[in-house]
Amino acid sequence: GVQLSSAVFMFGSYDGLRINQGSTLLSHVPTPAMKGGDFGELDVPIIDYTTGLPFPDNIIPADRISPVASRLLDVIPSPNREDPDRNYVNNDPLVRNHDHFNARTDIDINARSKLFVEYVYTRANRVRVHNFPTFNSDEMGRDHEASVSYNWSASERLLTFAKIEFDRGSDYRLSRNAGKEGLLESIGISGLSVNDPLEEGYPGFNLSGYTSFGDRSSPESAVRNRLSLDTSLTYVKSNHTFRAGIEFTGRQLNNFRSDGHYRGSFSYSGTYSGDGFADFLLGTPDSAYHGLGSDRADLRRNQWEFSFRDQWKVRPNLSFSYGVTYQFIPPYHSIADNVSGFYPLLFEPPADGEIIIAGSERASELGFDGAVPGSLVFPDTNDWSPYLGLSLSPMGTNQMVIRASYS
C-alpha cells in the first residue's frame, strides 16, 4: 500500500500460480490386431449377430467392419504398456495457470465523507487431460469485479452508505477438436450436425470393458454479469439504532452452453457379439441418443431486498433487536422463446404428458399466463423474514454473555 497524502491511500496486490504436473491416466484399449477385426487373443467367441454363430477364427471380416468405426480407429491409441488390463497410459501434463490482481483506493473527501474504489481481476487457464490425447480440452476463465462505495455522515446521528458493484465473469471449456469444420460430418453418422464450428468434435462412445472416448462437455461456456446497488440509512436516537436498507441485484447469464448432446452418444455393451469393441466395429450400439435444437441459454433476473432493523439498548446489560426483511427473487427468464418444460411435472409422469414452450398458446391454455415472462415458473412474492435477537450480561461484564435469536 502507498499513502499518497493524508486523504488518499492506494493499495495493490498480485499473486500468481503456475502448475505443470505430469498425469498418469491408465486405460484399457484394443490391440492393433483387434482394430483389424482379429479377436483371436480373446477367450470368448465373437458372435455374428446375423447368424448367431461365432465368426471363424474369431475374426470379423473386413467387409463387416462399419465404415464409421473404420474412420474412428485412428483416435484410439494402441497399447504402450505390457499390462493386459491397463495397457495404455497418457502422461500428458496437467497445466494450471492462475493470476489474481487487486487494486483499491481509499479517499477521505472530508471529515464526514469517504470514498472507496476497488477493482479485482482474475485469470485462470487449465488443460484438462483425457485418457486419450486426442480429447484433451482447454479451460479459460476471466473475472472482473469493480465497486465504488461512499460513506457520508450527515450528522452525528445520521449515517448513509451506498455501494455500486459490477462483476463480469466468463468461463469456457473447449475440446482440442473445437473449430475443426466438417469433423463431425466426416465421421459419417447421419442425423448429427452442429450449429457453429466451436461445437465441432467427436460424439461420445461408451465401450463396455474399454475406455470410453469422445469430446464430452465441449463446448461449455457462460458469461455472467451482475450489477448490484446497496444503500442503507442508519439513525441513532437515544438508546435505539435504526437501520433501513435497499438492495438491488440484476443478473445476466449469456451464451450458457453445456455438453454438446447434439453430437450424440453411443453405447456398446457387447450385447450382439459378446464384446464391447466388437460391437463397435460391427456398428451395433445397444443404445444411442442425441439432443435436438440448441443448448444455448440467455437468462435474466432482477431481485430486490428491503430491510429494517432496530437495536434497542434496554439497559446497560440488556440489548434487544428486532427487524424484518422482504425479498423478491424471481426465477431466471429467457430473452428468447426457447424455454420448454414437461407438463405435468410429476415424479411419475403420465404417458399423455407433453412438452410445452413458455409463452405459447398451449402454455396459456394450461394456465401459465401468471408465470414470469420467458419462463414456466410462477413468482414467489411472500418472502418475509422476521428477526428477533437478545443479548444479556447477567453480571454486567463481558465475562458471561447470554445470547438468543430467532429468524
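A polar atom of the R263 side chain lies 2.4 Å from the backbone oxygen of D215. The backbone oxygen of Y202 is 3.5 Å from a polar atom of that side chain. The model is predicted, so local features need pLDDT of at least 70 and side-chain atom pairs count only at pLDDT 80 or more, while totals for chains, interfaces and linings use all residues. Residues are numbered from 1 along each chain as its sequence is written, and side-chain values use heavy atoms, with hydrogens and water left out.

R263 sits in the loop between β13 and β14; strands (E, at least two residues) and helices (H or I, at least four) are DSSP runs, numbered from the N terminus. R263 is buried, at 1% relative accessible area; buried means under 20% (1.4 Å probe, protein chains only). Contacts of R263 (heavy atoms within 4.5 Å) include L184, L192, V194, E199, E200 and P219, leaving aside neighbours within four places in sequence. The C-alpha atoms of R263 and V377 are separated by 30 Å, at 114 residues apart along the chain.

N255 belongs to strand β13 (residues 240-257). N255 counts as buried because its relative accessibility is 14%. Not counting residues up to four places away in sequence, N255 touches Y172, S221, A222, R296, A297 and D298.

In soluble globular proteins, nonpolar side chains tend to be buried together. A nonpolar core is a set of buried Ala, Val, Leu, Ile, Met, Phe, Trp, Tyr and Cys residues joined through side-chain atoms within 4.5 Å. The largest such core has 33 residues, and I60, F205, F213, F277, F280 and L281 have the most contacts inside it. Elements giving two or more residues to this core are α2 (67-72), α3 (183-187), β11 (204-207), β14 (265-268) and α4 (276-282). The most, 5 residues, come from α4. I60 is in contact with G36, G37, F39, I46, F55, I65, A278, L281 and L282, leaving aside its neighbours within four places in sequence. A second, separate core of 5 residues includes I356, A358, A363 and F368.

The structure holds 1 cavity of 30 Å³ or more. A cavity is a set of points on a 1 Å grid over the protein atoms alone where a 1.4 Å probe fits but cannot get out; lining residues have an atom within 4 Å of a point. The largest cavity contains about 40 Å³ of space, the volume being that filled by probe spheres set on the points, which are joined across faces, edges and corners. Its lining includes H28, V29, P30, F213 and F277.

How values were computed. On a 1 Å grid over the protein atoms alone, a cavity is a set of points where a 1.4 Å probe fits but cannot get out, and a pocket is an open set with protein on both sides within 12 Å along at least five of seven lines; lining residues have an atom within 4 Å of a point. Buried means under 20% relative accessible area, exposed over 50%, partly exposed in between (1.4 Å probe, protein chains only). A polar contact is a pair of N or O atoms within 3.5 Å; within protein, one must be able to donate a hydrogen and the other to accept it, and residues adjacent in sequence count only if both atoms are side-chain atoms.
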